[in-house]
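Student: I have a structure to go through with you. Can we take it piece by piece?
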Amino acid sequence: MVEDSGVDELLKQWAAERSDDAELQEVNRIKNVWLAEGPPVAPGIPVQRARGGARGLVKVESADPAYLAAMRLRAPEVPVELLAAAASWWQLVGDVTEAAQWWDAGISPLDQRALDYRAAGLTPADLGRRLGPMTVLQHLRRGSAAAWCVARLQRQRRDGVA
């Protein structure tokens, strides 16, 4: 095993943070009070100073508003925080149209497995294809691995069945 002093240091820090040390608890209490007193700071990217002027922050949106709007239409009862988290993941891997295609095919973009299926090589169109008596989506819902479904689809294409 490779020696890594960083791991040991991290474990020591983790253990110290969870110890019942009264001094450490007081430090954490003071830190939390101090942080609570400050104004709430929205996430942002520092703006470069132009000719030594005042610095500011450019507001950072966690998710593209177009994604949030599209998901809000489909799931109006879902909390905004959950929609924002799902939208931020989807905007990293695909566009709103693709997320809608997955939803139309039977997999909600709010479901993390949709990203796993996409990473395995499945497309929304693949979910309706038949593998024996069941569709790919039915296989996935019964616990079949996405990689197995991809391999079966490739074999069907190679054999000219699909």
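Student: Let's start with a pair: what joins Arg29 and Glu26?

Tutor: A salt bridge between their side chains, 2.7 Å from N to O. The term means a side-chain nitrogen of Lys or Arg within 4 Å of a carboxyl oxygen of Asp or Glu. Note that this is a predicted model, where local features need pLDDT of at least 70, side-chain atom pairs count only at pLDDT 80 or more, and totals for chains, interfaces and linings use all residues. Side-chain values use heavy atoms, with hydrogens and water left out, and residues are numbered from 1 along each chain as its sequence is written.

Student: Where do Arg29 and Glu26 sit in helix α2?

Tutor: They are three residues apart in α2, residues 22–37, so about one helical turn separates them. Helices (H or I, at least four residues) and strands (E, at least two) are DSSP runs, numbered from the N terminus.

Student: Which residues form a salt-bridge network?

Tutor: Asp126, Arg129 and Arg157. Asp126 is in the loop between α6 and β3 (130–131) and counts as buried, at 4% relative accessibility. Leaving out residues up to four places away in sequence, Asp126 touches Gly121, Val136, Leu153 and Arg157. Contact here means heavy atoms within 4.5 Å.

Student: Changing topic to α8: which of its residues are buried?

Tutor: Ala146, Cys149, Val150, Leu153 and Gln156. Seen down the helix axis they fall within an arc of 125 degrees, so they line one face of α8. The arc is taken from the directions from the helix axis to the C-beta atoms.

Student: What do those buried residues pack against?

Tutor: They pack against α6, β3 and α7. The face turned away from the buried side carries the exposed residues Ala147 and Arg158. After α8 comes Gly160, with a positive phi near 80 degrees.

Student: Last topic, the largest nonpolar core. Which residues touch the most other members?

Tutor: Trp90, Leu122, Val136 and Leu140, out of 26 residues in that core. Elements giving two or more residues to the core include α4 (80–93), α7 (136–141) and α8 (146–159). A nonpolar core is a set of buried Ala, Val, Leu, Ile, Met, Phe, Trp, Tyr and Cys residues joined through side-chain atoms within 4.5 Å.

Student: Why does the core lie between domain 1 and domain 2?

Tutor: Because domain 1 (62–107) and domain 2 (111–161) both give residues to the core. The domain bounds come from an automatic or database domain assignment.

Conventions. Buried means under 20% relative accessible area, exposed over 50%, partly exposed in between (1.4 Å probe, protein chains only).
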